[in-house]
Amino acid sequence: MVEGVGLIPFGGVLPTVEDSAFIAPGCHVIGNVTIGPQSSIWYNCVLRGDVNRIVIGARTNIQDGTVIHVDSAKDGHDGLPTIIGDDVLIGHMVMLHGSVLHDRAFVGLGSIVMDGCTIESDGMLAAGSLLTPGKTIRSGELWMGRPAKKLRDMDADEIARNRRGAPAYVTLAQRHKAEPGFNRP
């Protein structure tokens, strides 16, 4: 870990972070949050697992200023965790709430993904979009707008380009992590 990163227990639960993950200064990771190997949480993100859990897989990239929260149990249901798979790309200033992002999902910068939404593998929500409660973006689909609607199916080149993003962010995160200011004495 690095100075300036807030790993904060809640309800007696401390976040679990793989050693190879990168969490930038200014982030606050609270409660029942699990961050997988080689994932990167960039500057000034808030991940609040206080009333349900947040799970982030391997090599996932959560860019600067993103807020991730969960839905609490109420009215006879268990609430909704936020589950994020492997190799997922989440752009700057995204808000995720009680949703599921499968492996290789892509959420463009400034987007909002609301309760009960699912983005399947290789599905993409375009920048600035609002995915309203309960919607599902199927594998290979591109959605955009406020509210988001299916725009079209992506072609193989677009999917391949998106898939190249996760390894690039693993490399960039390791470069940031290697900077002298990231090592505790």
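**View 1. The largest cavity.** The largest cavity has a volume of about 40 Å³. A cavity is a set of points on a 1 Å grid, over the protein atoms alone, where a 1.4 Å probe fits but cannot get out. The count is one cavity of 30 Å³ or more. The model is predicted: local features need pLDDT of at least 70, side-chain atom pairs count only at pLDDT 80 or more, and totals for chains, interfaces and linings use all residues. Residues are numbered from 1 along each chain, and side-chain values use heavy atoms, without hydrogens and water.

**View 2. The cavity lining.** Asp87, Leu89, Arg104, Ala105, Phe106, Asp122, Asn162 and Arg163 line the largest cavity, with an atom within 4 Å of a point. Three of these residues are nonpolar, one is polar and four are charged.

**View 3. Asp87 and Arg59.** These two form a salt bridge, with the closest N and O atoms 2.8 Å apart. A salt bridge puts a side-chain nitrogen of Lys or Arg within 4 Å of a carboxyl oxygen of Asp or Glu. The structure holds nine salt bridges. Asp87 is partly exposed at 22% relative accessible area (buried is under 20%, exposed over 50%, partly exposed in between; 1.4 Å probe, protein chains only). Arg59 is partly exposed too, at 28%.

**View 4. Lys74 and Asp71.** Their side chains form a salt bridge, 2.6 Å from N to O. Lys74 is partly exposed at 38%, whereas Asp71 is buried at 7%.

**View 5. Arg138 and Glu120.** The closest N and O atoms of this salt bridge are 2.9 Å apart. Arg138 is partly exposed at 45%. Glu120 is partly exposed at 22%.

Note on methods
On a 1 Å grid over the protein atoms alone, a cavity is a set of points where a 1.4 Å probe fits but cannot get out, and a pocket is an open set with protein on both sides within 12 Å along at least five of seven lines; lining residues have an atom within 4 Å of a point. Grid points are joined across faces, edges and corners, and a volume is the space filled by probe spheres set on the points. Ala, Val, Leu, Ile, Met, Phe, Trp, Tyr, Cys and Pro count as nonpolar, Asp, Glu, Lys and Arg as charged, and the others, Gly among them, as polar.
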